[in-house]
Structure formats: structure tokens, C-alpha cells
Amino acid sequence: MIKYSLLTLGVAVALSAPAFASTFQATQTVEVAKVSIDETGEEIKTFIEAVEISPGDEVRYRLTYDNQTANEIVDVNLVMPVPVEITFIEGSAMTDGISVLYSADEGESFSRRSDVSVLAGDAERIATSDEITHIKWTFTEAIATGETGEISFRGILQ
């Protein structure tokens with residue numbers, strides 16, 4: 001088993017005004033999926049704080065944000081790296097009203113998922129899930145004073 005602290009992320013926050021950074025708070029949580037069966041026999045997936053995880057476990061990296069400034073904040077970008085031990089689950093980073101971009105080059109460049117490519121020999125090809133290194137959420141609307149929310153992505157521990 002791996003302690004989840006080995007898989008915590010650095011989070012990059014880019015705001016329109018650096019002075020806001022001290023009162024715009026973001027808190028990261030690493031969670032592991034637990035599946036249970038309800039009385040009808042259906043599987044129910046919940047996420048709990050990860051203490052230990054094992055290869056094959058589904059993990060969710062969640063970032064909760066809170067605008068405690070006196071003003072709305074515009075042009076917010078939040079970037080989370082995908083740990084090398086994690087294979088990104090396609091479609092798990094989608095969030096309404098927030099543009100999601102991906103990187104396969106350690107965050108040097110970002111593109112829509114369908115445009116993220118890697119060099120394989122002399123040819124480019126679309127990056128696979130395990131080649132995604134960073135995810136970037138660009139807020140298309142301002143974050144109002146007092147507004148809270150969250151972004152997340154899921155992956156599988158290799």
C-alpha cells in the first residue's frame with residue numbers, strides 16, 4: 001500500500017491580480033473510491049479521505065476553492081499535476097462553466113484533450129491517458145466574493 005501523502009499534488013493558482021492570492025484559498029483533498037452494494041443490489045461509489053491506497057484503486061484529487069476577497073476575481077486558472085503513479089480517467093475532469101485543458105509535457109503547453117499529442121519516434125500521436133501530466137481549469141466567468149466551489153479529476157493507481 002502507498003500512503004496518500006506520496007501522491008499529493010502541487011497546485012498552481014493564477015489570478016488576475018496577485019494581491020487577491022492571499023485571500024483566495026484552495027484546499028486539496030486526496031480521496032479513494034469505495035464501492036458498496038445497496039439493498040437493491042446496485043453498486044454505490046463514494047469517495048473517502050485516502051489514508052492508504054493500493055495499485056488498482058481509483059483515486060480522486062479534489063480542490064475546493066473559496067473567494068474570501070472583497071471583489072470578484074476574473075481570469076482564474078487552476079493547474080494540478082497528475083502524479084506519475086496515476087493513470088488519468090478520461091472525462092473525469094469536466095466541470096460546467098470551466099474550460100478544461102490538458103498537458104502531456106509537464107505543463108509546458110495545454111490543449112483540448114483531443115489535441116494533446118506526444119512525439120513517438122518521428123511521428124506525433126494523441127497522448128494516452130497515462131501520458132497526461134497536468135490538468136488546467138480556466139474559469140470562463142468571474143468567481144464572486146464569497147463563492148466557493150470545487151474541481152477534481154480521477155485516476156487509477158498503477
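Is F139 buried or exposed? F139 is buried, with a relative accessible area of 8%. This is a predicted model.

**Strand β6 and its neighbours**
- Strand β6 spans residues 58–67 and is mostly covered, with eight of its 10 residues buried.
- Strand β3 (residues 24–37) pairs with β6 in the antiparallel sense over nine bridges.
- In that pairing, N67 in β6 stands opposite F24.
- Strand β13 (residues 148–157) also pairs with β6 in the antiparallel sense, over nine bridges.
- R60 has R154 in β13 as its bridge partner.

**Aromatic pair Y65–F139**
- The count of aromatic pairs comes to five.
- One of them is Y65 with F139, an edge-to-face pair at 5.2 Å centre to centre and 90° between the planes.
- This pair links distant parts of the chain, since Y65 is in strand β6 and F139 in strand β12 (residues 134–139), 74 residues apart.
- Y65 is buried, at a relative accessible area of 5%.

**Aromatic pair F88–Y102**
- F88 and Y102 form a tilted pair, 5.6 Å centre to centre with 55° between the planes.
- Because F88 lies in strand β8 (residues 86–88) and Y102 in strand β9 (residues 98–103), the pair ties together parts that are 14 residues apart in sequence.
- F88 counts as buried at 2% relative accessibility, and Y102 counts as buried at 4%.

**Ring cluster**
- Y61, F88, Y102 and F153 are linked into a cluster by ring pairs.

Terms used. Residues are numbered from 1 along each chain as its sequence is written. This is a predicted model: local features need pLDDT of at least 70, side-chain atom pairs count only at pLDDT 80 or more; totals for chains, interfaces and linings use all residues. Side-chain values use heavy atoms; hydrogens and water are left out. Buried means under 20% relative accessible area, exposed over 50%, partly exposed in between (1.4 Å probe, protein chains only). Helices (H or I, at least four residues) and strands (E, at least two) are DSSP runs, numbered from the N terminus. Two strands pair if DSSP finds at least two bridges between them. Rings of Phe, Tyr and Trp (its six-membered ring) pair if their centres lie within 6.5 Å; planes under 30 degrees apart count as stacked, over 60 as edge-to-face and the rest as tilted.
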